[in-house]
Amino acid sequence: MSTIKQDDATARAYPLPNDSIIETRRLDAQHLVFSIRTGGLHRASFPNSSPAQVRDLGCGTGIWASQFAIDNPKSNVLGIDINPPLVDDAKINIRPPNCSFAVADIEQGWNFSSLKSDYIYMRMIMIAIKDWPGLLNKAFVNMNPGGQIEIFDGLMDIKADDGSTADNSAAIFWFQLSKEYLAKHHIAWDLSADIPQQLTDAGFEILQDNTLKMRLYPDSQDPESDRAWVATQYQKDIADIVHGMTKRMRIDLASRLSPEEWDTLESNARREILEESEQRGFHTTLYTSNFLSVLSPVKVYTY
Ligand SMILES: C[S@@+](CC[C@H](N)C(=O)[O-])C[C@H]1O[C@@H](n2cnc3c(N)ncnc32)[C@H](O)[C@@H]1O
């Protein structure tokens, strides 16, 4: 698979690194966090048989696509990303035969086969997408009637139960700046606000639509419980996102802070998240369960 060279605009808009082992490990750990927290790999159900054609859009390391293919040997799973999957070489060898990967910009086009999709999965790609209605329309026309689409994402926001605000919390101030960055690139920070209507407009029928509170500190006294591990790991995940995104934010929002102030903000935001989450009651919101079935094709789109 060849690497698509991102043009400057694309590279600047998507704010996370796509060539670092820290990001690879973060994504694989995050996959486990979400799988344990939600009790499985997906929320869509397939009562009669596994979906034949599955697409994982913005598949990252390919960990979800590989796992889905292992669990559903009769499915043909295709993971698509603007970059080749970032994986350890060792893991490539254990990919199941019914799972493959392709490099493409999913906002441009991603139907590599004459076969339409039966299940489209998208996780944590909110900050990668500028035109959600356009992407959902493409999904609709590339889907068999009765197919399902599932979107799983995190709101780009942090809240504090102790009343901390951007005035006294570097972490909350950092998230405020991250929203400024996204607004500058016309990228949404809260999918839950618009996606249900956009999906309905595209022709989908809503099956489930939920949000889920994610604490950044364990709510269990048992340090060995799964819940404790999930919270602690998620805390690290968010601290790594702060590190990963700051590089692009400080270039695009250079007028907001001096280089020294950016250094201090990143370091203080990470420290608060890693050391003060319980005291401040930090939590984020996941948009977990927007599972939709395709109505019979009611629209014809040209694009
Ligand atoms: C935060 S990662 C999530 C990866 C994976 N879905 C997961 O949950 O582990 C977002 C992914 O979207 C990819 N991406 C960003 N812009 C894209 C685009 N226009 N087309 C396809 N993939 C894109 C990035 O390369 C990255 O792998």
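The model is predicted: local features need pLDDT of at least 70, side-chain atom pairs count only at pLDDT 80 or more, and totals for chains, interfaces and linings use all residues. Residue numbers start from 1 along each chain, following the sequence as written.

**View 1. Overall architecture of the protein.** The protein has 10 helices and 9 strands, where helices (H or I, at least four residues) and strands (E, at least two) are DSSP runs numbered from the N terminus. Of its 303 residues, 41% count as buried; a residue is buried if 20 or more other C-beta atoms, placed from the backbone, lie within 10 Å of its own, exposed if 12 or fewer, and partly exposed in between. Among contacts with a separation of 6 or more, 75% join residues 24 or more positions apart, a contact being a pair of C-beta atoms, placed from the backbone, within 7 Å.

**View 2. Strand S1 and its parallel partners.** Strand S1 (residues 53-57) is mostly covered, with 4 of its 5 residues buried. S1 pairs in the parallel sense with strand S2 (residues 76-81) over 5 bridges; pairing requires that DSSP find at least two bridges between the strands. Val54 has Val77 as its bridge partner in S2. S1 also runs parallel to strand S4 (residues 117-123), to which 4 bridges join it, and there Arg55 has Ile120 as its bridge partner. Together, S1, helix H3 (residues 63-71) and S2 form a right-handed β-α-β unit, in the sense that, with the strands pointing away from the viewer, the path from the first strand over the helix to the second runs clockwise.

**View 3. The largest nonpolar core.** This core has 73 residues, and those with the most contacts inside it are Ile120, Ala171, Trp174, Val242 and Ile273. Helix H8 (residues 226-252) contributes the largest share of the core, 9 residues. Such a core is a set of buried Ala, Val, Leu, Ile, Met, Phe, Trp, Tyr and Cys residues joined through C-beta atoms within 7 Å. Apart from neighbours within four places in sequence, Ile120 contacts Arg55, Leu57, Ala139, Met143 and Ile149.

**View 4. The shell around the ligand.** Among the 19 residues around the ligand, Gly58, Gly60, Ile82, Arg123 and Ala128 come nearest; a residue counts as near when its C-beta atom, placed from the backbone, lies within 6 Å. The shell divides into 10 nonpolar, 5 polar and 4 charged residues.

View 5. Most residues other than glycine have a negative phi. Met124, however, has a positive phi of about 55 degrees, and is buried because 20 other C-beta atoms lie within 10 Å. His186, in the loop between helix H6 (170-184) and helix H7 (191-202), likewise has a positive phi, near 60 degrees. His186 counts as exposed because it has 9 C-beta neighbours inside 10 Å.

View 6. Phe140, found in helix H5 (residues 132-141), is buried because 23 other C-beta atoms lie within 10 Å. Phe140 and Leu199 are 59 residues apart in sequence and 9.0 Å apart in space, C-alpha to C-alpha. Ser49 lies in the loop between helix H2 (21-38) and S1, and counts as exposed because it has 10 C-beta neighbours inside 10 Å. A C-alpha separation of 8.7 Å is found between Ser49 and Lys74, which are 25 residues apart along the chain.

Conventions
Ala, Val, Leu, Ile, Met, Phe, Trp, Tyr, Cys and Pro count as nonpolar, Asp, Glu, Lys and Arg as charged, and the others, Gly among them, as polar. Two residues are in contact if their C-beta atoms, placed from the backbone, lie within 7 Å.
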